[in-house]
Amino acid sequence: MAAAQISLPLPVLPEGWSAPNDFKAIGTLSAPNQRNLEPVGPHFLAHARRKRHKRTFSEDERIQANENVKKVEEEDGDDISEPENELMLGRDAKDWKGQDHYAVLGLSKHRYRATDAQIKRAHRKKVLRHHPDKRAATGSSEDDSFFKCIQKAFEILTDPVKRRQYDSVDENANVDPPSKKAASKSPSAFYKLWGPVFESEARFSKTRPVPMLGNDKSTKEDVEDFYNFWFNFESWRSFEYQDEDVPDDNENRDQKRHVERKNNNARKKKKTEDTARLRQLVDECLGGDERIKKFRKEARAGKDKKRLEREAGEKRVAEEAKKAKEEQEKLLKEKEEAEKAEKAEGKKAKEAAKNAAKKNKRVLKGSVKDANYLLPQGQEAGAKRIDEILGDVDAVLGKIDNEELASLAGKLGGLKLAEEVGGVWREEVKRLEGEGKLKAGEVRILSS
């Protein structure tokens, strides 16, 4: 290779430059060495590759593109690799709202869980395979319709707002609820089939974290929290993605407002239907949840136990009250009988005392009669004498009580002589006068 020589004039030195006069060397240059330089770099390698394989620029670019595609596929692995069917490859790019964006990029199994990194890798892989230049280089059809679908899917899924709108209506991410027969096949089938349903619906929740269905070991509190959360579920789900396109022309503003109102009403209706759908889904799950039945049975058993305990307590209290009442009635009856017997005894005693008093009075009156009204023997007592002495006896009887009456009757009992009887009466009158019960002179014959 011939060396090219280029002559360039040196720049003009500034005025007052005195380097040659003022220059002082402080050292010397090292001795020159001769080295061999080798060409390196990607461009040299590409040149060497073309020379070695005798390829043209276009042939080498096509082969390298194929190798890059294989390399990308090998690096990505199977996490974002899905087979492409002819129906998808033949999609019309204009119908972009109807396409499955995740399926276009090969992310069907990831869907709303796909990360930004996975979306970018999937997009790169699809572009390397379906880019129009790549297809033209391989001699394939130059139709770029599917490539436009790829670009639209990438545009939607990398924009947080648009992706959220699309995820809101992505029916392919939903998990259908199981039938009642399938969920009741075994205790574990219920949780295995219903669990993914709520995991899928949880992506629309405004509140985080979202309680999951759990299993047969879940506590009553966890189960109640789960159903309370889902019965009061707050969803961010919207339906803007399915809106009718609003015309952009400024001339037809009435039509534009009409379409906007129509879209707004359609969103509200779909939101209401979705809320009803979710409520029905939760009701179906609740109806087949054996844990709820178990908890209700335990609650009923607890209520029955409390009721039985309450009834037993009430019965015990009633029996105790009855027993206490019977005991009280028995005591009252015994008291009444005792009072009745005491009253009868008192009455008998009173009657006896009354009879004894009558007897004693007869003894007292009879004592003066037997003593000839306190006159000597042979002397007959006149009516006046009898009246006076009996009057004195009545006066004394009026001043003494039954005990004194009995004592006096005991003293007079068996006495017949006037002197003895008179002496007893004189002592009694004297005692009564001393106690102030009789006045002096009130009794004349018995006191003399």
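Colleague: Where does Ser235 lie?

Modeller: Ser235 is in the loop between helix H12 (220–231) and H13, where helices are DSSP runs of H or I with at least four residues, numbered from the N terminus. This is a predicted model, in which local features need pLDDT of at least 70, side-chain atom pairs count only at pLDDT 80 or more, and totals for chains, interfaces and linings use all residues. Residues are numbered from 1 along each chain as its sequence is written, and side-chain values use heavy atoms, with hydrogens and water left out.

Colleague: Is Ser235 buried or exposed?

Modeller: Buried means under 20% relative accessible area, exposed over 50%, and partly exposed in between (1.4 Å probe, protein chains only). Ser235 has a relative accessible area of 16%, so Ser235 is buried.

Colleague: Which residues is Ser235 in contact with, leaving aside its neighbours within four places in sequence?

Modeller: Contact means heavy atoms within 4.5 Å. On that basis Ser235 touches Phe204, Lys206 and Lys271.

Colleague: What should helix H17 span?

Modeller: The expected span is 1.5 Å times one less than the number of residues. For the 17 residues of H17 (residues 418–434) this gives 24 Å, and the end C-alpha atoms are 24 Å apart, which agrees.

Colleague: Which helices do the buried residues of H17 pack against?

Modeller: They pack against helix H14 (290–370), helix H15 (383–397) and helix H16 (402–412). Among these buried residues are Trp425, Glu428 and Leu432. Just after H17, Gly436 takes a positive phi of about 85°.

Note on methods: Helix = DSSP H or I, 4+ residues; strand = E, 2+ residues; numbered from the N terminus.
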